[in-house]
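Student: I have a protein model open and would like to learn to read it. Where do we start?
Tutor: Let's start with charged side chains, then turn to helices.

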Amino acid sequence: RWWKDLGLIERLDFTRDRIVESFLCSVGLAVEPEFSSFRIHLTKIIIMILILDDVYDVYGSIEELKHFTAAIEKRNARKVDKLPKPMKLCFQALTDITEEISVEIQNEKGEDHVQPHLERVWGDFCKAMLVEAKWCRGGRTPSLKEYLTNGSVSSSGTVIAVHSFFSVLNSNTTRGMKGLSEKNHHHLIHNVCLIIRLCNDIGTSKVEQERGEVASSSIACYMREANTTEEKAKDHIKGLITKVWKKINEQCFGRQPPMITPGLFVDITTNMARVAHNLYQHGDGFGGQDHKHHHKKQILSLLVHPLKLESS
């Protein structure tokens with residue numbers, strides 16, 4: 001109902017209608033009944049991530065995207081005055097959703113300092129998307145290290161992590177966690193962001209190559225850097241995914257120093273990586289909605305079809 005009332009999909013012919021897939025991701029992060037409001041927040045956040053991704057990938061020119069990014073980063077609506085109407089609609093939708101979530105968190109958790117943190121991570125996300133758009137439109141393929149440094153932010157993992165942090169933890173905890181939304185946030189979040197970025201690249205590489213977006217893929221970056229084939233590059237990226245997963249497991253279950261964040265947030269953050277790995281293991285989970293698509297079967301199994309219980 002919220003998605004229909006928002007009306008964006010009717011006015012933005014370049015973006016994807018993926019409300020159910022977005023909700024499936026939110027269920028993957030926190031399935032417990034008490035997190036119903038959080039799942040609603042998160043579904044809206046993921047929808048906005050997809051819309052912004054399409055704005056930067058397929059709609060806006062570089063000059064338009066510069067103004068759009070500045071408007072989000074500085075929270076200045078005047079900077080979108082001369083932009084096309086679809087970009088104005090996206091800016092207003094993001095502004096409204098961020099304010100709405102901030103108010104709801106304040107009412108539920110007693111937080112009164114949430115909105116600046118949420119706005120900051122959206123600004124960082126859009127700046128990273130702009131960098132990728134410049135690489136792609138300019139035909140520049142960065143080094144793998146440079147790509148992943150930016151890609152850990154463009155993965156959207158930090159956006160989700162910061163919203164999750166304030167949505168599920170109480171005010172006493174969040175006030176003691178300064179710097180979570182800054183660039184030097186916890187190693188766990190960084191590694192989860194890398195999993196999201198790398199799994200996304202593996203799952204979407206074929207479609208992006210068909211669109212000519214080779215510069216925005218870790219696979220293409222490694223192919224050029226190592227002067228190797230696509231198949232070997234994919235194997236290398238899969239190897240990186242395995243190494244990063246080992247780091248996450250070590251951080252969560254190994255002999256690392258105790259986590260400074262509560263276990264609930266650690267679980268939700270780690271679930272982000274699990275959801276991403278599942279979402280992209282059979283292709284692009286946010287791509288085409290084929291009737292035989294693996295994720296449609298998952299959605300029907302989890303959310304629609306009843307469980308079959310044997311009678312005693």
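Tutor: A salt bridge here is a side-chain nitrogen of Lys or Arg within 4 Å of a carboxyl oxygen of Asp or Glu. With that rule, look at Arg16, Asp53 and Asp54: salt bridges link them in a network. Keep in mind that this is a predicted model.

Student: What is the mean pLDDT of the protein?
Tutor: The mean pLDDT is 86, and 85% of the residues reach 70 or more. Residues 181-185 stay under 50. For that stretch the model has ten contacts beyond four places in sequence.

Student: How many salt bridges does a search of the whole structure find?
Tutor: The search finds nine. In general, side chains of opposite charge can pair when their charged atoms come close. Take lysine 44 and glutamate 100: their side chains meet in a salt bridge, 2.4 Å from N to O. Lysine 44 is in helix H4 (residues 36-59), and glutamate 100 is in helix H6 (residues 85-109). The two are 56 residues apart, so the pair links distant parts of the chain.

Student: Is lysine 44 buried or exposed?
Tutor: Buried, because its relative accessibility is 8% and the cut-off for buried is under 20%. Glutamate 100 is partly exposed, at 26%.

Student: Which residue forms a salt bridge with glutamate 119?
Tutor: Arginine 75 does, with the closest N and O atoms 2.9 Å apart. Glutamate 119 lies in helix H7 (residues 115-138), while arginine 75 lies in the loop between helix H5 (62-74) and H6, so the pair ties together parts 44 residues apart in sequence. Glutamate 119 is buried at 18% relative accessible area. Arginine 75 counts as partly exposed at 45%.

Student: Where do lysine 127 and aspartate 124 lie?
Tutor: Both are in helix H7, three residues apart, about one turn of the helix. Lysine 127 is partly exposed, with 31% relative accessibility.

Student: Now the helices. How do I describe a packed pair?
Tutor: Two packed helices are described by the angle between their axes and the distance between the axes. Here, the axes of H4 and helix H9 (residues 157-168) come within 11 Å and cross at roughly 160 degrees.

Student: Which residues in H4 meet H9?
Tutor: Among them are Phe38, His41 and Leu42. On the H9 side, the residues include Val159, Ile160 and His163.

How values were computed. Residues are numbered from 1 along each chain as its sequence is written. This is a predicted model: local features need pLDDT of at least 70, side-chain atom pairs count only at pLDDT 80 or more; totals for chains, interfaces and linings use all residues. Side-chain values use heavy atoms; hydrogens and water are left out. pLDDT is the predictor's confidence in each residue, from 0 to 100. Contact means heavy atoms within 4.5 Å. Helices (H or I, at least four residues) and strands (E, at least two) are DSSP runs, numbered from the N terminus. Buried means under 20% relative accessible area, exposed over 50%, partly exposed in between (1.4 Å probe, protein chains only). Axes are lines fitted to C-alpha atoms, for helices over the stretch in contact, and angles run from 0 to 180 degrees between N-to-C directions.
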